[in-house]
Amino acid sequence: ARVTLALIAAVLPPSQGATFDVHLDGTVIAFTAIVTILTALLFGLFPALNATRSDLTSAIRASTGQPSGGRSAARWRTALATTQIALSMALLGAAGLFTRSLANISHVDLGVQVEHVVTFGVSPDLNGYTPQQTQLLMQRLDDALHQIPGVTGVTASTIPLLGGSNWGNDVDVEGFAAGPDADKNARFNEVRPTYFSTLGIPILAGREFTTADGMASQVAIINQAFARKFNLGSNPVGKRIDTGNKKLDITIVGLAQNAKYSEVKDDVPPLFFTPIMADSNIGSSSFYVRTTVDPVALLPQIGKVVARLDPNLPVEDLRTMPEQIRQNVALDRFISLFSAAFAGLATLLAAIGLYGVLAYTVAQRTREFGVRMALGADPMRVRLMVIRQVGMMTLVGGVVGLAAAIATGRVAQSLLYKMQGFDPVVLIAAFVILALVALGAGFIPALRASRIDPIRALRYE
């Protein structure tokens, strides 16, 4: 339980982890202890009552000629082990789907060069800064960050890149005839100069913002999705837009290549950018610092730079951009990790259950195996008898578990990224893993059966 809680704390983002008090609770421990004890007593009581039932004649007849005990008892043991195999197959299949989905997410083309980039936020308005003071502080912070050795670029935005936030607005676009029910909404962001070059987002046409784009500037940069949605073609530079005032007073000065906005898994939305310097109500911002050195080594230096400008200004969400992306997909990582953990646990329990059933069966069939070997059966044939039983249990349990895994995949379709709930590769791999585990669990009892001494076995009772 301690290890599991540590894993939870490690996977959860700090923003979510701060809301959880991760520790072992006495009430929960008492509850699980009671459940565990009751389970052990109930499942231990069943065979005890079965062994002491009053109808001894029926029990003796049921066991007569059955080297592994009564038929009902043998079926019950086999059914339990087969059920464990089915559960293991279902969980292995689900874990495989979530793991492959996470692998797909890790290979998403973000459209942004995030390596060697550190991000953090500041909110001067929470410290009583006016918008004018905030703009001045932003510029001073930009200049100070440029002085850190190894820093090659500094920029900022109002909406944190891949931070899970979304700002949107309806727009009017020159030349776009919008009907009364037309979707005119687009996402937007306010950015500082060199935003695109610092983050490695190519400008396909026009230019990037400069320091000349100040408070009076009415300019914008759009992405390819915006140009496609509003039919602006491959070179929309010079076209005009507005944010609902019907004046078309904002001039497009650049076309940027598509890049992810708020979520790694979401499609790139239609997006337009305006200069952050033109915002008369600016209160906070997220900075991005590109460096040629180890970005982790840059983290403490950023805190010192901000402290020199204002010792009372907190540095928010200071991390590398790769870490920002990992936190953006924290839920997918969480589901993949714990589905794999539960699948591994279920597979281990299935292996133990299968081993227990087979070991008990071999012990009960000792005399039978001795007779067979005394009549000329070779050890390999005896081993195959036990392995055949393993194969049948694995096949039946695997098929049932396969159906459950497919059903689970269908239900979890919305959580999977760019894949269907039915994935033959994942399901085949899960079945192969399960088969190998089952054969491994059955190997020792099979080997033990093939090494029985016929003379001692014939005397076995």
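User: What should I know about the model before reading it?

Analyst: This is a predicted model, where local features need pLDDT of at least 70, side-chain atom pairs count only at pLDDT 80 or more, and totals for chains, interfaces and linings use all residues. Residues are numbered from 1 along each chain as its sequence is written, and side-chain values use heavy atoms, with hydrogens and water left out.

User: Which residues touch the most other members in the largest nonpolar core?

Analyst: In soluble globular proteins, nonpolar side chains tend to be buried together. A nonpolar core here is a set of buried Ala, Val, Leu, Ile, Met, Phe, Trp, Tyr and Cys residues joined through side-chain atoms within 4.5 Å. Buried means under 20% relative accessible area, exposed over 50%, and partly exposed in between (1.4 Å probe, protein chains only). The largest core has 29 residues, and L161, Y195, F196, L199, I201, V264 and F273 touch the most other members. Elements giving two or more residues to this core are α7 (195-198), β7 (219-223), β9 (250-256), β10 (271-275) and α10 (321-328). Helices (H or I, at least four residues) and strands (E, at least two) are DSSP runs, numbered from the N terminus.

User: What is V264 in contact with, leaving aside its neighbours within four places in sequence?

Analyst: Contact means heavy atoms within 4.5 Å. With those neighbours left aside, V264 is in contact with I105, V108, L110, L162, I325, N328, V329 and Y417. There is also a second, separate core of 25 residues, which includes A351, L354, V386 and I452.

User: How many salt bridges does the count come to?

Analyst: Side chains of opposite charge can pair when their charged atoms come close. The rule asks for a side-chain nitrogen of Lys or Arg within 4 Å of a carboxyl oxygen of Asp or Glu. By this rule the count comes to 9.

User: Where do R192 and D142 lie?

Analyst: The side chains of R192 and D142 form a salt bridge at 3.3 Å, N to O. R192 lies in the loop between β5 (185-191) and α7, and D142 in helix α6 (residues 131-146), so the pair ties together parts 50 residues apart in sequence. R192 is buried at 4% relative accessibility, and D142 is buried at 7%.

User: What separates E323 and R326 in helix α10?

Analyst: About one helical turn, because E323 and R326 are 3 residues apart in that helix. Their salt bridge is 2.8 Å, N to O. E323 is partly exposed at 25%, and R326 is partly exposed at 37%.
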